[in-house]
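Thanks for making the time this morning. I would like to walk you through one model, starting with its overall dimensions and ending at a single residue.

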Amino acid sequence: YYLLREPESSTIVIGSSNLTSDGLSSEGELNAAFRCKNGSIELSQFEQTFNEQWDEAATLTSEIISIY
């Protein structure tokens with residue numbers, strides 16, 4: 001989830017890739033971009049959903065990283 005804010009609108013990018021060269025250019029990744037007016041119900045809903053997911057996420061620790 002990436003949120004790019006501009007003065008009148010924001011662009012939300014949701015997808016499985018990351019912002020590395022391979023993540024943006026290789027096949028097998030899927031992303032969608034949405035443009036919403038700032039203050040719109042759509043933007044508010046995206047932000048609310050993100051915040052709810054963030055609050056439920058586990059903290060990334062050295063122990064978790066070592067598993068991988």
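Let me begin with the radius of gyration, which is 15 Å for this protein, whereas a compact globule of 68 residues would have a value near 11 Å. Please keep in mind throughout that this is a predicted model. Along the principal axes, the C-alpha atoms fill a box of roughly 45 × 30 × 20 Å, and buried residues account for 13% of the 68 residues. The exposed surface comes to about 5,800 Å², with carbon and sulfur atoms supplying 54% of that area.

Turning to the elements, we have three helices and three strands, and from the N terminus on they run β-β-α-β-α-α. The three strands form an open sheet in the order E1-E2-E3, with antiparallel pairing. Strands E1 (2–5) and E3 (31–37) stand at the edges, and because each has a single partner strand, one side of each is left without a neighbour in the sheet. From one strand to the next, the twist averages 20 degrees. Between E1 and strand E2, which covers residues 9–15, the antiparallel pairing extends over four bridges, and Leu4 has Thr11 as its bridge partner in E2.

Which residue do I want to end on? It is Ser10, placed in strand E2, and it is buried, with a relative accessible area of 0%. Its side chain is joined to that of Asn38 by a polar contact of 2.6 Å. Leaving aside residues up to four places away in sequence, Ser10 touches several others, including Leu3, Leu4, Phe34, Cys36 and Leu43.

Note on methods
Residues are numbered from 1 along each chain as its sequence is written. This is a predicted model: local features need pLDDT of at least 70, side-chain atom pairs count only at pLDDT 80 or more; totals for chains, interfaces and linings use all residues. Side-chain values use heavy atoms; hydrogens and water are left out. Two strands pair if DSSP finds at least two bridges between them. Helices (H or I, at least four residues) and strands (E, at least two) are DSSP runs, numbered from the N terminus. Axes are lines fitted to C-alpha atoms, for helices over the stretch in contact, and angles run from 0 to 180 degrees between N-to-C directions. Buried means under 20% relative accessible area, exposed over 50%, partly exposed in between (1.4 Å probe, protein chains only). A polar contact is a pair of N or O atoms within 3.5 Å; within protein, one must be able to donate a hydrogen and the other to accept it, and residues adjacent in sequence count only if both atoms are side-chain atoms. Contact means heavy atoms within 4.5 Å. The radius of gyration is taken over C-alpha atoms; the globule rule is 2.2 Å times the number of residues to the power 0.38. Accessible areas come from the Shrake-Rupley method with a 1.4 Å probe; for residues, only the protein chains shown count as cover.
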